[in-house]
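Subject: Structure handover

Hello,

Here is the structure for you to look over. My notes on what turned up in it follow below.

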Amino acid sequence: MLLRSVLIVWACLTAALGVARAEDAGEAGTCASGDGREWLRAGRLCLGIETFGADKVGPRPQLVVMIHGDSSQGGPVDYFYPIAAQVSAEPDVVAVALLRPGYSDGAGKVSDGRNWGRVDLYTPENIDAVATALRELKTQYKARRLIVLGHSGGAVTTAIVIGRHPGLIDVAMLISCPCDIVKWNQMIHRTAFTRSLLPMAYLDRVATATDVVAMTGRGDGWTAPATVTGYVDGLKARGVAASFIPLPVNNHDFQPLWANGVKDELLAILNGRTS
C-alpha cells in the first residue's frame, strides 16, 4: 500500500513537471519565433506586443512604447493598437503597444504573468518585466530616444519604472496617472494596496535627465488631477523637468484625451520639444 501511494505521488509530480516544462517550452518558442515584433522575452515572462513602422526607419529611430491601463472592468486592452499605428506614420519612428503581464488583446494574444484581477497589480515582478521589455526594445532598435506613453495603470507602471530603473526612459508621458496611489485609494474609498510598489516611494531615484509630462482630464472622476500633481511637484523639487497639463476633458477614457491634447503633445515631443 505504501509503495503504491509513493508511485502515485511520483506519477503526479512527474506529470506536473512535464506540463510545466511543456509550458516553458511553448513560452520560449513563442518569444523566440518570428522577428520580435509580436512577442518579447522579459525575464521569465513572454509579453505580447504589436509593432508598427519598423520597416521604414533608419538605423537609430525614435521609439514610442504605449502601455495600457488596468481596465478594471475587464475585456481586451488593445486600444493602443490604432494609436500606435498613427504614431508610426511620423518620420523615423517605431511605435509599439505593449501588453502588460496577464493581459490580452481582442485577437487572443495573452502576455504571461499575473494581473491579480486587475487590482493592486504593480508588483516588483510586473514592473521589472515591463522594464526588461523596454530595455530589450531600446536595444533591438538602437533607439536614439525612448518615449513611453502610459495611460492610467500604465502610467503608474511607467512612473515606477523611471524611479526603479533610472535612465532607461528618456521621456515619460503619464496620462491620467494616479501616481499618488495612497491618495487615490483614499479618494475612491478603496482599501490600501499591499502588493504594489508606489511611484511616490521612487521620487528620489528618477534621473534628472528624464523628462516627465503628466496630463489628466480636469473632470476625470477616477484619477483626479490631485492624484498626480503632488508627484509632479516632488519631481520638480529635485530638478527633474516635469510638468502637469490639465486637459479639457471630463473623462478617463483615452480616446478623448488623445484628441484633446495628448496627440499634439506627443507629436511636439517627437519633433524636438520635451514639454
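**Disulfides**

Count the bonded cysteines of the protein chain in sequence order, and they pair 1-2, 3-4. A search of the whole structure gives two disulfides, a disulfide being a pair of cysteine sulfur atoms within 2.5 Å. Such a link is a covalent bond between the sulfur atoms of two cysteines.

Cys31 sits in helix 1 (residues 2-32) and Cys46 in strand 2 (residues 45-52), so the pair ties together parts that are 15 residues apart in sequence. Both Cys31 and Cys46 are buried. Buried means under 20% relative accessible area, exposed means over 50%, and partly exposed lies in between (1.4 Å probe, protein chains only).

The other pair is Cys177 and Cys179, with sulfur atoms 2.1 Å apart. The link of Cys177 and Cys179 is right-handed, at 105 degrees about the S-S bond. Cys177 and Cys179 are buried too.

Residues are numbered from 1 along each chain as its sequence is written, and side-chain values use heavy atoms, with hydrogens and water left out.

pLDDT is the predictor's confidence in each residue, from 0 to 100. The protein chain has a mean pLDDT of 90, and 88% of its residues reach 70 or more. Take care with residues 1-27: pLDDT stays under 50 there, and the model has four contacts beyond four places in sequence for them. A contact means heavy atoms within 4.5 Å. Where pLDDT is low, the predicted coordinates should not be read in detail.

**The chain as a whole**

The protein chain holds seven helices and eight strands. Helices (H or I, at least four residues) and strands (E, at least two) are DSSP runs, numbered from the N terminus. Of the 275 residues, 51% count as buried. The accessible surface comes to about 12100 Å², and 56% of it belongs to carbon and sulfur atoms. These areas come from the Shrake-Rupley method with a 1.4 Å probe; for residues, only the protein chains shown count as cover. Among contacts with a separation of 6 or more, 73% are between residues 24 or more positions apart.

Eight strands form an open sheet, in the order 1-2-4-3-5-6-7-8, with mixed pairing. Two strands pair if DSSP finds at least two bridges between them. Strand 1 (39-42) and strand 8 (242-247) stand at the edges with a single partner strand each, so one side of each has no neighbour in the sheet. On average, neighbouring strands are turned by 25 degrees against each other, direction ignored.

Strand 2 and strand 4 (residues 93-98) run antiparallel, joined by four bridges. Phe52 has Ala95 in strand 4 as its bridge partner.

Two helices to look at pack on this sheet. Helix 3 (residues 124-140) touches strand 1, strand 2, strand 3 (62-67), strand 4 and strand 5 (145-151), and its direction makes about 120 degrees with that of strand 1. Helix 4 (residues 153-164) touches strand 3, strand 5, strand 6 (171-175) and strand 7 (211-217), and its direction makes about 140 degrees with that of strand 5. Axes are lines fitted to C-alpha atoms, for helices over the stretch in contact, and angles run from 0 to 180 degrees between N-to-C directions.

**Strand 5**

How many residues of strand 5 are buried? Seven of its seven. In a regular strand the side chains alternate between the two faces of the sheet. On one side of strand 5, Arg145, Ile147, Leu149 and His151 are buried; on the other, Leu146, Val148 and Gly150 are buried.

Strand 3 joins strand 5 in parallel through six bridges. Val65 stands opposite Val148. Strand 6 also pairs in parallel with strand 5, over five bridges. There, Ile147 stands opposite Val171.

**Gly102**

Gly102 is in the loop between strand 4 and helix 3. Gly102 is partly exposed, at 22% relative accessible area. Gly102 and Arg114 are twelve residues apart in sequence, yet 4.5 Å apart in space, C-alpha to C-alpha. Leaving out residues up to four places away in sequence, Gly102 touches Ser111, Asp112, Gly113, Arg114 and Asn115.

Best wishes

Key
This is a predicted model: local features need pLDDT of at least 70, side-chain atom pairs count only at pLDDT 80 or more; totals for chains, interfaces and linings use all residues.
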